Amino acid sequence: MTDEIPITEIVHALAASPDFARDGVCFAARTSGLYRSDDGGHTWQPAHNPSGTEKLLPTSAVVLSPHFAVDRTVFAGVPGAVMYSEDAGQTWHMVALASPPPFVSTLAISPHYAEDGCVFAGTVEDGVFRSGDRGAHWAAWNFGLLDLNVLSLVVSPDYARDQTLFVGTDSGIFRSTTGGRAWREVDASPEGARSTDFAPVLSLAISPQYATDGTLFAGSELRGLYRSNDRGRTWQRMGEDVLAGPINGIVLDPQYPMRPRILVLLHATLVLSADNGVTWNEWRPDLPDDQALTCVAAPLGLEDGAPLLVGTTGGEVLVVREKLFRE
Amino acid sequence: MILPFMRKPLARVMQPTVYTNMERVVFQPATYRGMQRGIDQLVGAIRPTLGPRPRVVAIDHVDYHDKTPRLVDDGGTIARLIIELPDRDADVGAMLLRDVLWRLQQQVGDGTATAAVLFQAVFRRGVHYITAGGNARRLQTFLEQGLRNILEQLNAMVVHLSGREELARIAETVCYDPPLADMLGEIFDIVGEFGRVEIRPGRSRELEREYVEGMYWERGAVSRGMLDGDGQLRTDLEESAILISDLEIKHPQQLYPPLALVIRNNIRSLLMVVGEISDSAIGFLLSNKHPEKLRVVAVKTPGHDKEQKAWALEDLAVLTGGRAFVQAAGDTFERIRREDLGFARRAWADCYNFGIIGGKGNARQLRQHIATVRAAFERTDNPNTRNLLRERIGKLLGGSATLWVGGMTQREIDERVERAKRAATALRGALREGVLPGGGVALWSCRPALEARARAATDPDERAAYRILAEAVAVPIRTIIANAGFDASETLAELKRYGPGYGFDVVRERVVPIAETGIYDPAIVTKSVAYAAITSAAQALTIDVMVHHAQPEQAPLPDLSSPKRL
């Protein structure tokens with residue numbers, strides 16, 4: 001499944017080419033640096049430094065342009081900076097974010113990147129940074145963001161029109177409807193509880209049809225999975241019996257809600273639902289006891305048998321091709 | 001059933017005006033007549049300013065240096081500048097209304113002209129009814145009952161807006177200045193209802209705005225020697241510790257424990273907030289020979305009084321996760337520990353302000369703290385306290401905006417600043433309580449329900465009250481249409497044919513769908529207008545007797561033009 005990567009480090013993030021079925025390109029952000037695979041995740045090479053002459057930078061986040069096949073653009077979060085490449089990782093530009101150096105926890109890119117050039121970096125302690133010029137310059141825009149410890153970030157698929165983003169922080173969710181310039185609290189608390197009781201939000205996923213269905217999923221550290229069908233105004237807890245523990249990742253089928261498949265990454269388990277969260281089934285990879293799953297990518301969607309890339313705390317990237325969904 | 005003419009009118013008999021050595025006592029009907037004269041004069045001055053095509057009122061100069069008349073187009077300012085009428089009976093009515101309008105202007109920033117015409121309509125019709133035998137007290141009760149009906153109907157019409165364009169349209173209904181409205185729309189879309197917005201006279205002809213990240217307070221470094229002298233006179237501290245206190249530092253020795261603590265903990269930057277600090281203590285801090293090892297900037301505790309200082313200490317403690325040392329509690333720095341210090345990713349100070357970006361306090365506690373301050377804001381009715389609490393919430397939310405309002409002349413700049421401030425107040429209200437159809441449509445839409453209540457009423461005073469209100473709520477829209485040069489009756493008839501959801505756009509000169517054109521007023525303004533105008537007019541109707549105190553003889557004014565006197 002993996003080679004060339006020492007198994008002592010964590011995989012923080014995975015990103016696959018939108019044209020993965022043809023080119024098989026994917027990237028893994030690891031403690032020891034950014035790695036690239038051209039064969040669907042089976043073999044990996046350092047991406048920051050293809051010549052291998054310099055020390056690799058710890059990489060905490062990676063995201064690819066939605067038009068990667070054309071613009072070959074990759075962004076990666078490294079300590080205090082964002083690196084970007086416009087040739088699929090052959091050469092890189094590094095842009096410092098601010099001083100003192102922030103730790104980039106997550107990256108997200110506008111679905112309309114070709115037109116607006118917007119990229120967002122969530123950081124631990126420094127909130128959200130935004131670039132409107134394809135990564136060349138970054139500025140912190142944190143009006144109303146009361147918690148600057150950003151753990152997850154999603155951009156609306158209809159961003160060009162609604163300018164909407166959500167961030168999951170150490171103390172709950174915040175929403176921006178101004179393209180990331182100003183933020184408002186989202187009361188994502190269970191019914192009857194105060195919003196400030198809400199646990200850290202480790203993961204977020206937004207429906208591909210958000211413009212019409214207003215659906216958003218939030219995975220918390222302590223209180224399981226929540227869904228909102230009204231753009232974050234009200235929330236319902238899902239799968240209480242099954243989804244106990246930190247939710248490290250959520251993947252929705254690209255055809256959601258027409259095909260209502262949901263994949264949730266628990267501590268050491270993949271939990272799946274083919275019926276919009278009514279029933280769930282689990283799949284547990286064969287991992288050592290001291291390892292857990294950290295991130296997941298579904299480059300070809302949630303088709304049965306389509307590859308899933310799963311990162312672990314052991315530094316491995318598992319390529320899963322099981323038939324996981326039961327209709 | 002008791003009809004009005006069957007009831008014996010109270011104090012309706014003609015009574016002469018009584019003069020005493022000290023006072024003049026005025027009875028009915030002179031009371032109503034006098035008050036009506038004053039109200040009519042004041043409303044006559046304000047009425048032309050109602051609507052998006054206002055006419056301007058010229059007010060004679062008020063100081064010796066500037067002889068140019070002041071041109072004003074908002075009712076609140078006109079009311080404020082009319083300070084006395086020579087006819088003392090009329091003056092009572094005018095000043096009563098002036099007080100209502102000025103308070104309204106202070107509270108919601110707009111709606112004074114609407115309130116003026118509504119007040120006048122209710123008062124005039126009320127006087128007609130009472131002089132025909134109606135009971136003023138009972139009428140007051142039913143007018144207030146009708147007001148509740150109006151407020152319920154207005155609440156049912158409220159819609160909530162968001163986004164820069166929608167907010168800009170609301171601002172434009174107040175300031176009638178599209179570039180200014182657009183800028184305010186952008187600012188409030190970013191900073192929100194409680195956001196900190198400073199509106200200052202500009203430095204050029206243009207409008208300029210600046211956004212500042214993080215929180216800041218109006219207290220600069222206690223000495224310029226603590227600031228970087230690279231032309232900006234500002235110091236930025238990274239990963240800074242924050243010492244939070246209102247202690248009076250008289251001797252350098254008082255600073256030894258906190259300085260020893262930060263050095264022991266290898267902390268490189270310290271922002272020290274203290275109540276007072278002596279020159280010798282400042283000198284001690286400036287004598288630091290190794291700023292690369294420890295940079296210290298001292299500022300004074302923000303706030304103008306004890307309560308504001310206590311608020312600032314509490315806010316700083318929550319934001320940075322530190323403990324506030326309070327003089328009144330007998331605190332000293334003697335036994336300071338590392339966990340007493342607050343921390344921030346960045347802190348800064350210049351000659352006038354200090355600020356914090358990325359305070360390392362507990363975010364959940366901060367959100368809870370803001371919720372508590374918001375609850376206090378909602379509870380209080382005191383306008384000053386509300387303003388202070390709003391500013392406090394704005395600080396805690398982080399980030400602020402400054403708008404510099406430019407213009408061709410200083411007078412234009414001053415007037416634009418005033419309009420910007422009123423529009424800002426209205427925008428805060430719109431963000432908090434939503435908006436209602438503008439141009440007088442919301443109040444006018446209450447008319448059918450009021451007419452139905454009048455028809456259903458069996459009590460004559462109740463029926464009269466609802467009829468008065470049904471007629472009065474149409475007066476603002478009639479005035480707006482008439483001020484724009486159209487026939488109000490014809491236009492309202494056309495508007496009725498279109499039905500609900502439509503309004504008359506006097507700028508486009510046609511009936512338009514409100515939702516599409518965005519002709520809205522802040523709901524808080526319309527509701528406050530209805531409340532202020534109707535309750536105060538109903539109360540004014542219960543005034544039966546006026547007593548004027550004798551005015552003391554005025555000493556002749558000194559002749560300021562005489563060089564001898566100067």
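**Exercise 1. Describe the face of helix H9 of chain B that is turned away from its buried side.**

Solution. The away-facing side of H9(B) carries the exposed residues B:Asp279, B:Ser280 and B:Gly283. Helices (H or I, at least four residues) and strands (E, at least two) are DSSP runs, numbered from the N terminus.

A note on the model before going on. This is a predicted model, in which local features need pLDDT of at least 70 and side-chain atom pairs count only at pLDDT 80 or more, while totals for chains, interfaces and linings use all residues. Residues are numbered from 1 along each chain as its sequence is written, and chains are lettered from A and ligands numbered from 1 in the order in which they are written.

**Exercise 2. Find the buried residues of H9(B) and say how they are arranged.**

Solution. Step one: list them. H9(B) spans residues 279-286, and its buried residues are B:Ala281, B:Phe284 and B:Leu285. Step two: look down the axis. The buried residues fall within an arc of 95°, so they line one face of the helix. The arc is that of the directions from the helix axis to the C-beta atoms. Step three: ask what covers them. The cover includes strands S9 (248-249), S11 (276-277) and S12 (295-300) of chain B.

**Exercise 3. Work out how strand S11 of chain A is placed and paired.**

Solution. Start with burial. S11(A) covers residues 127-131, and four of its five residues are buried, so the strand is largely enclosed by the rest of the structure.

Next, take strand S10 (residues 119-124) of chain A. S10(A) and S11(A) pair in the antiparallel sense over five bridges. Two strands pair if DSSP finds at least two bridges between them. One bridge sets A:Thr123 against A:Gly127.

Now take strand S12 (residues 139-140) of chain A. Two bridges join S12(A) to S11(A), and the strands run antiparallel. Here A:Phe129 stands opposite A:Ala140.

**Exercise 4. Locate a cis peptide bond in each chain.**

Solution. In chain A, a cis bond joins A:Ser99 and A:Pro100, with omega about 0°. A:Pro100 lies in the loop between strands S8 (93-96) and S9 (103-109) of chain A. In chain B, the bond from B:Gln28 to B:Pro29 is cis, with omega near 0°. B:Pro29 sits in the loop between strand S2 (23-26) and helix H1 (30-46) of chain B.

**Exercise 5. Is B:Glu509 buried or exposed, and where does it sit?**

Solution. Count first. B:Glu509 has 12 other C-beta atoms within 10 Å, so it is exposed. Then place it. B:Glu509 is in the loop between strands S18 (502-505) and S19 (510-513) of chain B. Its phi is near 65°, a positive value in a residue other than glycine.

Definitions and conventions
Buried ≥ 20, exposed ≤ 12 C-beta atoms within 10 Å, placed from the backbone. Contact = placed C-beta atoms within 7 Å.
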